[in-house]
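Walk me through this structure, please. Start with the overall make-up, then show how the pieces pack.

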Amino acid sequence: MSIELNWQTTRSTVRERAKFMLNNNRLSDVKFVAANSNGESERKQVIPAHKFMLAIGSPVFEAMFYGELAETKDTVELPDCDYESLLELFRYIYSDEVNLSGSNVMGVLYLAKKYIVPSLTDKCTEYLKEKLDPSNVFSILPSSLKYEEKALEDRCWKVIDNQTEASVNSEGFETIERSLLEAIVARDTLTIKEVGLFKAVDRWATKQCEKQSLAAEVEFASFVPDTNLLNLDEITVMFKFFAIKTSPVAFSKVPRRKPFYRVGRFQSVRMSGCSYDSDGSSHSLNFTVDGNITLKGICLLGSENNTYTVTLNLNEISTGETVISKTGTYSSTLLQCKDLSYYGFEVLFDSTGADLKKSNKYCIQAKIAGPPSGSGENCLLKGEESGVTFTFPAGSRGQFSEFLFSV
């Protein structure tokens, strides 16, 4: 291996010189041994490091190498992490850079917490927020609870509430702990029919039986009585309650929030591109729907961690009648619409929403005041969800990113 002479002179900044020392035997005074990232427990990989660099990046490393009980061995074995995640921790400490991926982000988050590197923790949680969707929410939520990352936890619950059916039908749902399952079932904000949730819990229970090598003695069907989970008296009480509404039951009689669905208008969003006037800019969009629905709210584009004041009106074009109005101040967060993530905010109507009729033409208008915002691109002419199709004018743009509705 050739040795680069005068390497300091070709790197003009401290950051470049420190980055050069990453995973480099030159001047190394400690080595870390971690498991192979491919899961081969028999194989170990070694990362040469520098105690001083690690100590200025982490109070844990400082105590490890320079504290009263300083580590004196020149090799440190870490059985609780893999090579790829450890290398990314060191990369960040040496250079303020990190290469996060789906395969390493959880490991890097664990190490960032363990070695108290809060800025790296923030990088990991932001990455997870951007990648969060129903297919992985139950892989991310347990970690957000474990590490007490409240913002990430709230984002996970929002995905679960708004896209419950897709979330509980993901593979990750079958692996969650019982305590988390109980917390999910108890939520009043889920958007799923009770029978759908029942089937998901059945799959979870069956999976737990398989893990423990237990026989799943009850084969759940579409209707609860067929499961034999309730005795005859309990079944009778439940049927009486649903039939004549007189028999008391021990379960909550308050229904969950009525499910709503999301239809997006854009295939991509630019991070900037729209500036609002100081006293508010006006935006409008005409649209029709091919079924009777209840419009529950509208999503508008914004920019990261900013606040906007909105006055919104929905009018029926043929009569000029105002169907619903809403005024308020909203904070922009990262929203998820199928495969598209963007910064924006939800303007939710009251519990009843706005009833829209099939084939009628409507105009949604919003006066928006606030910082510059992202803008939508590649606008769709139609958006379909749950058997309902929204139709938009050709070439329509604007700031209306999603329609939230129930059927």
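The protein holds 12 helices and 17 strands. Both are DSSP runs numbered from the N terminus: helices are H or I with at least four residues, strands are E with at least two. This is a predicted model, where local features need pLDDT of at least 70, side-chain atom pairs count only at pLDDT 80 or more, and totals for chains, interfaces and linings use all residues. Residues are numbered from 1 along each chain as its sequence is written, and side-chain values use heavy atoms, with hydrogens and water left out.

Of the 407 residues, 44% are buried. Buried means under 20% relative accessible area, with a 1.4 Å probe and protein chains only. Contact means heavy atoms within 4.5 Å. Among contacts with a separation of 6 or more, 69% join residues 24 or more positions apart.

Next comes the interior. A nonpolar core is a set of buried Ala, Val, Leu, Ile, Met, Phe, Trp, Tyr and Cys residues joined through side-chain atoms within 4.5 Å. The largest such core has 60 residues. Phe32, Phe61, Leu86, Leu89 and Phe90 touch the most other members. Helix α4 gives this core its largest share, eight residues. Phe61 touches Phe32, Leu54, Ala55, Leu89, Phe90, Ile93 and Tyr115, leaving aside residues up to four places away in sequence. A second, separate core has 31 residues, including Phe287, Val289, Ala366 and Ile368.

Now the helix pairs. Two packed helices are described by the angle between their axes and the distance between the axes. Axes are lines fitted to C-alpha atoms, for helices over the stretch in contact, and angles run from 0 to 180 degrees between N-to-C directions.

Helix α4 (residues 83-95) packs on helix α5 (residues 105-114) at about 55°, with the axes 8 Å apart. That angle makes α4 oblique to α5. Oblique covers what is left once angles under 35 degrees count as roughly parallel, over 145 as roughly antiparallel, and 65 to 115 as roughly perpendicular. The α4 and α5 crossing is right-handed: the near helix is turned clockwise from the far one by less than a right angle. On α4, the contact uses Ser85, Leu86, Glu88 and Leu89; on α5, Gly107, Val108 and Leu111.

Helix α7 (residues 137-146) and helix α8 (residues 150-162) cross at roughly 145°, and their axes come within 9 Å. This crossing of α7 and α8 is left-handed, the anticlockwise case.

Key. Buried means under 20% relative accessible area, exposed over 50%, partly exposed in between (1.4 Å probe, protein chains only).
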